[in-house]
Amino acid sequence: MRSSSSRTVAVLLPPLLLGLASWAVQGRTPGQQAATEAPAAAETKTEAVKVRVLENVPSQFQARIEQRKRALSKVPAPSAGFSPHALVSLSKRWANGQTLKIAFKGGDANLHKQIADVVSEWTRYANLKFDFGVDPTTGQYRQWTPTDAEFAADVRVAFDKSGYYSLVGKDSTDPEIARPGEESLNLEGFDKNLPSDWMGVARHEFGHAIALEHEHQTEGACDFRFEDDPGYVATRDGDGQYIPDSARRRPGLYTLLGGPPNNWPQAVVDHNLKDMPPSRAYPTGPFDKLSIMQYHFDAFMFTSGDLSQCYTSGENLVLSDLDKSGVASVYPRAKEAIAADDLIRAKAYEVMSKAEALPAKVKRQYNHLLEALKK
């Protein structure tokens, strides 16, 4: 997700750890130039850098996702080997061969075409189709509005909210997560001015829209420095931002992101940065440093700094080879692969449709998914 250039704060960091993240935690941050470094502080020999605001999906979506997570945590682990996370991941994926309707709010037909042309690259590898609802007479693309009583499209793109973000897969049409008059994907300011990396941003967010998660949350991939350095004494700058103390001990990410300007509780930090639980119920591959779903994070966010396997010197703006083969395995075209995939989903949906700990309406959702697979 992106943040505006006004929402940055100064933090003192040792010179070897200087860097400026061009990606944030739920999407990317708007294209910004590296901030001018302030004079070094003589007593600590550190330099001031600007750290971007890291953003999450809007609070209304986050709250609903957390409610689902709490409900699923009460479901006993079934013998079939499906963890609650695996069950959610499976239910987020679209059906193989499905045509996804895309709609826009704001922007003109030229912008819509530019976005459509770029993001449709996903469908060259995944067994999915995108339908942008182009009127052959007027050339206009499908629209949605905040007053819609029913979902006008599976993916509803907006340009007027803060940041870049997307709900993951079928969360965009899950009535427990999204509403018909709410965006499911936001590209802040694209209708005013396209940033230089706009194609990479659009590819990344549409990756989420087809149910891909963040690459940096691959199990065991990233050595994020969550905890404070031993003995760290809470120290803040004039903006209330946590900074290294007088002994140059650094705040960890729980402390740093828990203070201004992000003010994230630990659960939100974990949601955006911690590894996703492993499960044989959904496909995972080797960590892909070059993935379009992998962010560029500042070196100071890792325990091994710029030596971390998760650290990249720049943004990933194109689909990697593993992105292409990976999405092809998630949405296969071969009949045998589709049948095997549907069998896994059916077993998962059956478990959830009978889970006593879930509300009746949620169980009905899973039963509906199960019935749809049988058609």
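Which residue in E5 does Phe104 stand opposite? I looked, and Val157 is the one.

Ground rules for myself: this is a predicted model, where local features need pLDDT of at least 70, side-chain atom pairs count only at pLDDT 80 or more, and totals for chains, interfaces and linings use all residues. Residues are numbered from 1 along each chain as its sequence is written, and side-chain values use heavy atoms, with hydrogens and water left out.

**Strands**

I take helices (H or I, at least four residues) and strands (E, at least two) as DSSP runs, numbered from the N terminus. I call two strands paired if DSSP finds at least two bridges between them.

E3 (residues 99-105) and E5 run parallel, joined by 4 bridges. Here I also found Ile102 with Val155 as its bridge partner in E5. E3 runs parallel to E4 (residues 129-131) as well, over 3 bridges, and Leu100 has Phe130 as its partner there.

Next I checked burial (buried is under 20% relative accessible area, exposed over 50%, partly exposed in between, with a 1.4 Å probe and protein chains only). In E3, 5 of the 7 residues are buried, so the strand is largely enclosed by the rest of the structure.

On E5 (residues 155-158), Val155 and Val157 point one way while Arg156 and Ala158 point the other, and all are buried. E5 also pairs with E7 (residues 185-187), parallel, over 2 bridges; Ala158 sits opposite Asn186 there.

**H8 against H9**

I fitted axes as lines to C-alpha atoms, for helices over the stretch in contact, with angles from 0 to 180 degrees between N-to-C directions. The axes of H8 (residues 335-353) and H9 (residues 360-374) come within 8 Å and cross at roughly 150°. That makes the two helices roughly antiparallel (angles over 145 degrees; under 35 is roughly parallel, 65 to 115 roughly perpendicular, the rest oblique).

For contacts (heavy atoms within 4.5 Å), I noted that the H8 side includes Tyr349 and Met352, and the H9 side includes Leu369 and Leu373. The contact residues divide into 7 nonpolar, 2 polar and 4 charged (nonpolar: Ala, Val, Leu, Ile, Met, Phe, Trp, Tyr, Cys and Pro; charged: Asp, Glu, Lys and Arg; polar: the others, Gly among them).

Most residues other than glycine have a negative phi, and most peptide bonds are trans. I found the Pro260 to Pro261 bond cis, with omega near 5°. Pro261 is in the loop between H5 (253-258) and H6 (266-273).

Asn263 lies in the loop between H5 and H6, with a positive phi of about 55°. Arg248, in the loop between H4 (198-209) and H5, has phi near 70°. I have Asn263 as partly exposed at 47% relative accessible area, and Arg248 as partly exposed at 38%.
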